[in-house]
Amino acid sequence: MSLLREAERCLANQHAHNLNAFITPLSRSGQWLDRVKEADQRSEKGTPKSAVDGRLISIKDNICTRQLPTTCGSGILDKFTSPFNATVVEQLEGAGAVIAGKTNLDEFGMGSHSVHSRFGPVKNIRRDSAGHEISAGGSSGGSAVAVAAEQCYAALGTDTGGSVRLPAAYTGTVGFKPSYGLISRWGVVAYANSLDTVGILGTNTSSVRDIFAILNHHDPRDPTSLSKSSRSRILSQLQTSPLSTRLISKPLRIGVPLEYNISELTPSVRTSWLLSLAHLQKQGHTIHPVSLPTTKHALSAYYVLAPAEASSNLAKYDGVRYGTRGDGPDGNGQPEGVLYSNTRGTGFGAEVQRRILLGTFSLSADSMDNYFIQAQRVRRLVQRDFNAVFSAQHPLFDARGRSDEAAAEAEVDVIVCPTAPSSPPRASDLSSGSKSPLDAYVNDVFTVPASLAGLPAISVPVTVAEPGRDSGVDAGTDGLAGIQVVGQYGDDELVMSVGELLAGSRLSEQ
Amino acid sequence: MLRPRPRGTVRLLRFTPVTRPQNLHLLQFLQFSSLPTRSAPTPSVQPDSSDRVPLRKQLKQDAKALKAQKRQRKESEEASREIWELTVGVEIHAQLDTKAKLFSRAATSTSDLPNSNVALFDLAFPGSQPEFQAATLLPALRAAIALNCDIQPVSRFDRKHYFYQDQPSGYQITQYYEPFARNGYVDLYDHDGIAHEDGERIRVDIKQVQLEQDTAKSQEYPPSSQLLDFNRVSHPLIEVITMPQIHTPATAAACVRKLQAILQACGAVTTGMELGGLRADVNVSIRRREEAPGKNHYDGITGLGQRTEIKNLSSFKAIEDAIIAEKNRQIAVLESGGVVEGETRGWAIGSTETRRLRGKEGAVDYRYMPDPDIPPLVIGEDLISRLQATLPTAPDQLVAQLTGPEYGLPIEDAKPLIELDDGARLEYYQDVVEALHSIRPGQDAATRAAFARMAGNWVLHELGGLLTKADRAWDSEIIPARSLADIVDHLQQKLITGPTAKQVLAVVFEGDHRPIPQMLEEDNLLLRPLSREEYLALAETAMAQNPQMVEQIRSKNQLGKLGWFVGQMMRTGEKGRVEAPKAEKVLRELILGKA
């Protein structure tokens with residue numbers, strides 16, 4: 001199929017499905033058509049610019065584009081167009097890709113179901129077996145649904161605590177969050193800078209790998225971008241034995257974190273986890289229980305740190321220099337009055353306001369020590385937990401403090417666990433208001449630890465075939481689940497490779 | 001004290017029915033006139049023209065009254081000082097002399113078209129990130145070294161949150177938890193203008209120096225408009241925080257003046273307070289000396305009273321005046337049984353009271369948070385030692401040098417030489433001295449110092465006088481250093497007279513650029529000494545003009561009058577040839593009969 005036909009089919013899908021995956025969809029005509037035709041010509045000559053030359057890639061609407069608006073799903077930026085392109089957009093366009101539109105999201109990336117958007121909720125293309133609409137996952141739900149509904153070839157999302165991996169798991173796509181600092185954040189609207197990572201969503205791991213190769217470069221405009229020297233140091237470590245032999249001449253040691261077997265885990269998810277491990281074992285890899293004791297505090301730490309940074313990052317939205325101002329005069333009308341209270345009050349949605357207040361509280365002088373500082377300590381411990389179980393050392397940390405005792409423990413190459421503790425909740429349950437905001441936070445329990453530690457993690461879809469009476473799979477699901485692979489910092493290739501071993505597998509208990 | 005009154009005033013006596021001796025009536029009038037119940041008589045009285053107080057007298061009286069007022073203020077200040085101890089700490093914010101802003105490549109500017117130097121990050125555009133400009137570290141480090149601080153090998157940037165339209169991101173990036181420099185000090189001397197009570201020298205410790213961003217400049221157009229100029233946003237600043245160790249208003253002002261001088265001398269800043277490049281906040285507390293130490297402690301200094309902060313003082317005078325006013329306000333509060341509230345106050349130039357801006361309940365919680373986008377600042381020992389080695393001489397060292405044996409200048413000359421024209425005057429002076437030494441090499445130390453002293457006088461007073469008279473700005477090219485050295489040298493060698501030297505200086509000042517020796521030759525200005533006979537003849541002519549004065553000098557020993565005869569001799573003698581000391585010597589011989 002020609003690139004042009006593929007693109008036209010994506011365009012048709014964007015307009016056919018009423019999934020609200022896009023805030024700004026691709027226009028029916030425009031310069032992009034010529035660009036795709038040119039890519040077709042290059043493809044015929046055998047000189048494509050890259051693996052994504054002429055392909056449509058959707059961009060989450062918190063990543064800046066000069067040509068299309070960047071709303072972040074917020075009322076305060078509902079008419080905002082950025083004066084510059086994010087580095088990732090420049091990289092993709094430089095590789096010949098065409099921006100397929102801007103995808104819907106939870107406002108500023110804050111949410112787990114892509115329902116907190118000024119532009120309405122994203123709908124999952126999947127339904128549960130009873131035919132009910134289910135959550136698309138969030139916050140990159142629009143990007144995940146666009147990929148799942150074949151409205152684009154692949155998509156970029158952002159992952160702060162699981163925002164790429166969770167919607168990937170809920171939509172049956174592949175969602176990859178690389179190590180922190182590998183992909184540039186210049187032009188990515190900050191939610192919580194120390195956690196924000198650009199992620200890639202695709203139908204399979206090879207498309208994700210292709211796009212990662214285009215984006216995985218140092219960017220001097222992003223002060224948190226990993227330096228060229230660190231990159232080459234990490235690469236040479238990975239190319240040296242013993243790390244270089246993993247999966248090639250040596251089977252993998254797969255870690256199973258005992259603390260992840262929580263009571264909230266639904267039977268269907270537990271089954272797909274077990275079958276995934278069995279699947280890997282069948283291929284000659286070995287399974288080892290590991291302990292990540294701080295995991296139980298990770299979620300709390302995340303919901304202190306991320307809102308704290310968010311309350312700071314979102315302070316800039318006052319409608320003075322850009323953005324949408326509230327109706328009527330702002331402030332109290334006094335000369336010393338503020339210019340922003342009405343604007344921020346009407347521009348931000350409820351979840352954003354909740355997290356700003358949460359962050360403002362945890363940073364205030366009286367609670368700083370009990371919340372923000374404590375949470376930073378927990379974050380350090382989470383990192384230490386991971387370092388203790390991975391056989392590869394963290395390339396950015398001093399090896400000191402790593403006791404031989406810890407090294408003697410079961411060391412593993414990657415960790416395999418579910419992406420989310422349950423299958424997607426019904427959309428009606430989310431909108432009914434019967435659940436507290438905290439219920440949504442629980443969905444992030446397995447994704448947040450890798451975010452806190454800055455580690456690479458991928459969610460791949462697996463299907464439990466012929467769910468029988470004995471399989472424990474809940475009635476009402478189709479057996480699809482997201483399985484997550486987490487690796488040591490810099491081990492992004494290995495994580496994708498292990499994801500590839502599982503992705504799309506139909507697993508059965510036979 | 002009663003003074004005789006002009007008649008017009010005396011006529012007011014008509015208002016007092018009783019007749020008494022005049023002085024008493026006057027006294028009564030003075031008392032009555034101060035009574036508010038009596039209609040003020042003054043406007044109804046038009047003094048006769050002959051009674052009008054001459055302007056000069058009026059001015060003199062006013063000056064006297066002002067002086068009395070000042071004396072009274074000083075006395076009451078002195079009295080309250082004995083009871084109350086004042087404690088002041090100072091924070092200054094100074095704009096660093098850098099090409100770029102702290103976190104963007106946009107240029108720094110003070111005079112460019114508003115909003116012409118702004119990067120995306122300066123306006124807090126979504127998705128933009130800070131780019132630390134390493135070059136801004138150089139002036140910051142020079143400042144910290146000049147202030148004797150310990151430079152921290154690792155420091156970090158924090159966000160200080162508050163909403164205001166001049167703060168685009170809703171926070172200022174500063175160094176709150178881990179500043180780049182700590183534990184410095186500044187020495188203040190009597191010649192720096194510290195209060196008399198502080199003696200010859202006091203040392204004020206510096207708690208820390210931190211790097212931070214400036215805000216945008218806002219201009220108010222009441223009632224409802226404000227214009228914002230983001231050129232200033234993120235201009236690199238250093239904040240210098242002293243310990244609360246200052247106990248007099250004058251010393252606080254001297255401290256800020258000295259800090260400014262040090263920052264300018266080491267090349268850390270471009271402009272001073274007068275141009276808005278430096279702003280100061282002060283914190284003020286008082287406590288009764290005889291009472292137990294107060295329960296407050298700030299920066300590790302215990303026993304203090306509750307302090308208040310006065311923000312944004314923009315002149316040295318404002319600092320002193322605001323502290324006096326705030327101290328007196330706190331004293332009044334405590335003496336009337338009240339409690340000093342911890343609050344932030346403001347000061348308007350020319351006012352007599354500080355103004356409450358916000359109280360404790362309105363205190364801003366800045367929610368300091370480490371900036372997650374900015375890596376820690378790691379400063380190498382090599383950079384510090386390199387900067388240390390290349391740091392210009394500090395003002396204190398310069399004073400010591402100039403007043404030392406090498407130059408032998410009085411402190412009154414040394415200070416202005418250092419302070420004038422941002423150090424250009426001093427540089428020029430040193431050029432002149434060097435030129436003098438090269439003209440006459442191999443002189444002994446005493447002669448060299450004499451040269452240097454003389455050069456100081458000419459650079460500062462003679463040349464300075466010409467500049468003032470012509471209302472011209474400093475320019476080292478008006479009188480090339482070599483020319484001034486030549487003039488001073490000729491004078492020193494007695495090859496020209498003092499008046500000739502001044503005349504030559506004026507000619508060069510007017511633009512005559514001939515080399516000095518050539519000019520002296522061509523214009524016939526070199527001194528051809530008069531013979532003794534010629535002096536005697538000149539003296540006798542002068543004495544013959546005024547024999548009475550000769551007599552007065554002889555009989556009443558009024559030696560001061562000799563000068564008149566010297567002047568006559570200079571006038572009648574050939575221009576530029578009569579040397580005053582020789583003329584006076586001859587006169588003494590002839591009039592007083594001694595050699």
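What percentage of the 510 residues of chain A count as buried?

## Chain A as a whole

In this predicted model, 55% of the 510 residues of chain A count as buried. The chain has 17 helices and twelve strands, and its C-alpha atoms fill a box of roughly 70 × 65 × 55 Å when the box is taken along the principal axes.

A compact globule with 510 residues would have a radius of gyration near 24 Å, and the 22 Å of chain A agrees with this. Among the contacts in chain A between residues at least 6 apart in sequence, 77% join residues that are at least 24 apart.

A:Arg5 lies in helix α1 of chain A, which covers residues 3–16. This residue counts as exposed because it has 11 C-beta neighbours inside 10 Å, where 12 or fewer is the limit for that class. Between the C-alpha atoms of A:Arg5 and A:Val36 the separation is 9.5 Å, although these two residues stand 31 residues apart along the chain.

## A pair of packed helices in chain B

In chain B, helix α15 (residues 532–545) and helix α17 (residues 562–572) pack at an angle of about 120°, and their axes are 9 Å apart. That angle makes α15(B) oblique to α17(B), and the crossing of the two helices is right-handed.

On the side of α15(B), the contact is made by B:Leu538, B:Ala539, B:Thr541, B:Ala542, B:Met543 and B:Gln545, while α17(B) contributes B:Phe565, B:Gln568, B:Met569 and B:Thr572. Sorted by class, the contact of α15(B) with α17(B) has six nonpolar and four polar residues, and no charged residues.

Notes: Residues are numbered from 1 along each chain as its sequence is written. Chains are lettered from A and ligands numbered from 1 in the order in which they are written. This is a predicted model: local features need pLDDT of at least 70, side-chain atom pairs count only at pLDDT 80 or more; totals for chains, interfaces and linings use all residues. Axes are lines fitted to C-alpha atoms, for helices over the stretch in contact, and angles run from 0 to 180 degrees between N-to-C directions. Helices (H or I, at least four residues) and strands (E, at least two) are DSSP runs, numbered from the N terminus. Angles under 35 degrees count as roughly parallel, over 145 as roughly antiparallel, 65 to 115 as roughly perpendicular and the rest as oblique. A crossing is left-handed if the near helix is turned anticlockwise from the far one by less than a right angle, and right-handed if clockwise. Two residues are in contact if their C-beta atoms, placed from the backbone, lie within 7 Å. Ala, Val, Leu, Ile, Met, Phe, Trp, Tyr, Cys and Pro count as nonpolar, Asp, Glu, Lys and Arg as charged, and the others, Gly among them, as polar. A residue is buried if 20 or more other C-beta atoms lie within 10 Å of its own, exposed if 12 or fewer, and partly exposed in between; C-beta atoms are placed from the backbone. The radius of gyration is taken over C-alpha atoms; the globule rule is 2.2 Å times the number of residues to the power 0.38.
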